Amino acid sequence: MAGYISADSHVTEPLELYAERVDAAFRDRVPRIVNRDGWRTLHAEGIAPRKLMKASELDLAVVGGPDLEQRRREQESDGVAGEVVFPNWALT
């Protein structure tokens, strides 16, 4: 069966990744997302805070997530037969 190939998928690390897995002595330095003034903002050492999206839009942005079966169902409903997955923060 022919289908589309998604060429703009990204690995999205769970928000808890750094807070839970980094030694406690360094947790105040890990990347984090802060809700401020109605925006979800990325805070990471060495870069200026970066607005990601309006906090109210989070539900619209999360598609598939880490649940493999949910991701497959969404791809199937969109006619996607395969995808190219790019890294975000932790894998770059």
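This is a chat about a predicted model of one protein chain.

Me: What does the secondary structure of the chain come to?
Reply: The chain has three helices and five strands. This is a predicted model, so the values are all computed.

Me: In what order do the elements run from the N terminus?
Reply: They run β-α-β-β-β-α-α-β.

Me: Which strands form the open sheet, and in what order?
Reply: Three strands form that sheet, in the order β2-β3-β4, and the pairing is antiparallel. The edge strands are β2, residues 32-36, and β4, residues 50-54, each of which pairs on one side only. From one strand to the next, the twist averages 30°.

Me: OK, take β2 and β3. How many bridges do they pair over?
Reply: Five bridges, in the antiparallel sense, with β3 covering residues 39-43. Two of the facing positions can be named: N35 stands opposite R40 in β3, and V34 stands opposite T41 in β3.

Me: What sits between β2 and β3?
Reply: Two residues separate them in a hairpin, and D37 in the turn has a positive phi of about 55°.

Me: Is β3 largely enclosed or open?
Reply: Largely enclosed by the rest of the structure, because four of the five residues of β3 are buried.

Me: Let's pick T41. Where is it found?
Reply: T41 is found in strand β3.

Me: Why does T41 count as buried?
Reply: Because its relative accessibility is 8%, and buried means under 20%.

Me: What does T41 touch, leaving out residues up to four places away in sequence?
Reply: T41 touches R32, I33, V34, P49, R50, K51 and L52. V34 is the residue opposite T41 from β2, and K51 is the bridge partner of T41 in β4.

Me: Then what is M53 in contact with, beyond its neighbours within four places?
Reply: M53 is in contact with W39, R40, L58 and A61.

Me: Changing topic. Which residues make the nonpolar surface patch?
Reply: I5, V84 and F86 make that patch, with an area of about 260 Å².

Me: Where is V84 found?
Reply: V84 is found in strand β5, which spans residues 80-86.

Me: Why can V84 be called partly exposed?
Reply: V84 has a relative accessible area of 38%, and partly exposed means between the 20% limit for buried and the 50% limit for exposed.

Me: Now the whole chain. How much of it counts as buried?
Reply: Of its 92 residues, 15% count as buried.

Me: What does the accessible surface come to?
Reply: About 7300 Å², and 54% of that belongs to carbon and sulfur atoms.

Me: Last one. What share of the contacts with a separation of 6 or more comes from residues 24 or more positions apart?
Reply: Residues 24 or more positions apart account for 45% of those contacts in the chain.

Note on methods: Residues are numbered from 1 along each chain as its sequence is written. This is a predicted model: local features need pLDDT of at least 70, side-chain atom pairs count only at pLDDT 80 or more; totals for chains, interfaces and linings use all residues. Side-chain values use heavy atoms; hydrogens and water are left out. Patches are made of residues with over 30% relative accessible area and no salt bridge: like charges are joined within 9 Å, nonpolar side chains (Val, Leu, Ile, Met, Phe, Trp, Tyr) within 5 Å. Accessible areas come from the Shrake-Rupley method with a 1.4 Å probe; for residues, only the protein chains shown count as cover. A salt bridge is a side-chain nitrogen of Lys or Arg within 4 Å of a carboxyl oxygen of Asp or Glu. Buried means under 20% relative accessible area, exposed over 50%, partly exposed in between (1.4 Å probe, protein chains only). Two strands pair if DSSP finds at least two bridges between them. Axes are lines fitted to C-alpha atoms, for helices over the stretch in contact, and angles run from 0 to 180 degrees between N-to-C directions. Contact means heavy atoms within 4.5 Å.
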